[in-house]
Amino acid sequence: MKKEAKNRSRKARINSVRKKLIEAAKNAQKNSYSPYSRYPVGAAVLAGSGRIYSGCNVENASFGLACCAERVAIFKAVSHGEKKLCAVCVTAKSAKPCGACRQVIIEFAQKDAEIICVDWEPLEKKEKITYTRASRLLPKPFNPSEAGL
Ligand code: THU
């Protein structure tokens, strides 16, 4: 296959994985348990094995016990033996991982892992997608090797 054709098929593969990730995050968002904030969030991660794990935010009457969608998805991946994240997708009205989730993302994500944020609400057709990289998520993160851990 010629180089250009190879590039085209690589891009098509990447775009099809992106679509699957976004769909998985949106489906998880529909299961959000957020009766207190009424702010549903979905997340999906592409793990090193090629598998996709999704999650939604899960709240509690004791508010501080809420867990973000990103961490639910990541912890599901890790508990299935995955240690490497290649991409992370978040869907919400205004989708941006919180600071705590950014620290958790960089614990497992490849530096160049793609972070896909989709501003979207269930039942809405309109969406806005932005892309960034894991290495750009958090300036001066807590660094285990600097801390001697
Ligand atoms: N939330 C997430 O799930 N992910 C984020 O990155 C930001 C916030 C959830 C936590 C809580 O259930 C609701 O959104 C409102 O803060």
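An oxygen atom of the ligand sits 2.6 Å from an N or O atom in the side chain of Glu 70. The model is predicted: local features need pLDDT of at least 70, side-chain atom pairs count only at pLDDT 80 or more, and totals for chains, interfaces and linings use all residues. Residues are numbered from 1 along each chain as its sequence is written, and side-chain values use heavy atoms, with hydrogens and water left out.

**Ligand site**

The side chain of Asn 57 also has an N or O atom by the ligand, 2.9 Å from a ligand oxygen atom. Lys 96 takes part through its backbone: an N or O atom there lies 3.3 Å from an oxygen atom of the ligand. A polar contact is a pair of N or O atoms within 3.5 Å; within protein, one must be able to donate a hydrogen and the other to accept it, and residues adjacent in sequence count only if both atoms are side-chain atoms. On its own the ligand has 380 Å² of accessible area, and the protein covers 77% of it. These areas come from the Shrake-Rupley method with a 1.4 Å probe; for residues, only the protein chains shown count as cover.

Which residues are around the ligand? They are Ser 37, Tyr 39, Val 41, Asn 57, Glu 59, Cys 68, Ala 69, Glu 70, Lys 96, Pro 97 and Cys 98. By class, the shell has six nonpolar, two polar and three charged residues. Here Ala, Val, Leu, Ile, Met, Phe, Trp, Tyr, Cys and Pro count as nonpolar, Asp, Glu, Lys and Arg as charged, and the others, Gly among them, as polar.

**Aromatic pair**

The structure holds one aromatic pair. The ring centres of Tyr 36 and Phe 63 are 5.5 Å apart and the planes meet at 45 degrees, so the pair is tilted. Rings of Phe, Tyr and Trp (its six-membered ring) pair if their centres lie within 6.5 Å; planes under 30 degrees apart count as stacked, over 60 as edge-to-face and the rest as tilted. The pair links distant parts of the chain, 27 residues apart. Tyr 36 is in the loop between α1 (3-29) and β1 (42-47), and Phe 63 in the loop between β2 (52-56) and α2 (69-79). Helices (H or I, at least four residues) and strands (E, at least two) are DSSP runs, numbered from the N terminus.

**Cysteines**

The disulfide count is zero. A disulfide is a pair of cysteine sulfur atoms within 2.5 Å. The sulfur of Cys 56 is 9.7 Å from the closest cysteine sulfur, in Cys 67, so the two are too far for a bond. For Cys 86 the closest cysteine sulfur is in Cys 89, 14 Å away, again too far for a bond.

**Loops and exposure**

Arg 38 has a positive phi of about 55 degrees, although it is not a glycine. Arg 38 is in the loop between α1 and β1. Leu 123 also has a positive phi, near 75 degrees, and is in the loop between β4 (109-119) and β5 (128-133). Most residues other than glycine have a negative phi.

His 80 is in the loop between α2 and β3 (85-92). A polar atom of the His 80 side chain lies 2.9 Å from the backbone oxygen of Lys 76.

Buried means under 20% relative accessible area, exposed over 50%, partly exposed in between (1.4 Å probe, protein chains only).

| Residue | Relative accessible area | Class |
|---|---|---|
| Tyr 36 | 41% | partly exposed |
| Phe 63 | 61% | exposed |
| Cys 56 | 12% | buried |
| Cys 86 | 29% | partly exposed |
| His 80 | 57% | exposed |
| Arg 38 | 68% | exposed |
| Leu 123 | 89% | exposed |

Terms used
A residue is near a molecule or strand if one of its heavy atoms lies within 4 Å of it.
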